[in-house]
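User: I'm new to this one and would like a walk through how it is put together. Could you show it to me?

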Amino acid sequence: MTLSIGTRAPDFSLPATDGREISLDGLKGRKIVLYFYPKDDTSGCTLEAQNFQALKAEFTAADTEIVGVSPDSLKSHDKFRAKYGLDFTLASDEATAMLQAYGVWAEKSMYGRKYMGVERTTVLIDRNGVIAQVWSKVKVPGHAEEVLKAAQALG
């Protein structure tokens, strides 16, 4: 599935950090940054999380919730958050249903080996649950700042 700007974001309900269950409906009325990342505590994923954390106050001021999603377990997410002082929500999609619904569960290749994994992607969803912007195949440097500008412009 390819996400299209102006269409309703796929519904989801996932277990999340802090003992929460997080869903699209539960976040309605706020802007949402869903960032999909491959794995807790790897170099690129750690830098991406730290960049979003560094701008958390600005995202909060823009009434925007940051939610990181990966197929890692909640236990892994809790360790990752504690190690790097992350205070935004991480959701666990071990079954990959949401990752597939958002089109980010894809065939990847490393050293000639093919496998299924998360394609680093960020989706900005407006207050009504409509996709406002999509960043595919994200390069981490400068990305969180670009997403913040888009969230602020969304009003």
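User: What is the order of the strands in the open sheet?

Analyst: This is a predicted model, in which local features need pLDDT of at least 70 and side-chain atom pairs count only at pLDDT 80 or more, while totals for chains, interfaces and linings use all residues. Residues are numbered from 1 along each chain as its sequence is written, and side-chain values use heavy atoms, with hydrogens and water left out. The open sheet has 5 strands in the order 5-4-3-8-9, with mixed pairing; strands are DSSP runs of E, at least two residues, and helices are runs of H or I, at least four, numbered from the N terminus, and two strands pair if DSSP finds at least two bridges between them.

User: Which strands are at the edges?

Analyst: Strand 5 (89–92) and strand 9 (131–135) are the edge strands, each pairing on one side only.

User: How many bridges join strand 3 to strand 4?

Analyst: There are 6 bridges between strand 3 (residues 31–36) and strand 4 (residues 64–70), and the two run parallel. Valine 33 has isoleucine 66 of strand 4 as its bridge partner.

User: Switching to the core, which residues touch the most other members of the largest one?

Analyst: In the largest nonpolar core, which has 22 residues, they are Leu34, Phe36, Val69 and Tyr102. Such a core is a set of buried (under 20% relative accessible area, 1.4 Å probe, protein chains only) Ala, Val, Leu, Ile, Met, Phe, Trp, Tyr and Cys residues joined through side-chain atoms within 4.5 Å. Strand 3 gives the largest share of this core, 3 residues.

Terms used: Buried means under 20% relative accessible area, exposed over 50%, partly exposed in between (1.4 Å probe, protein chains only).
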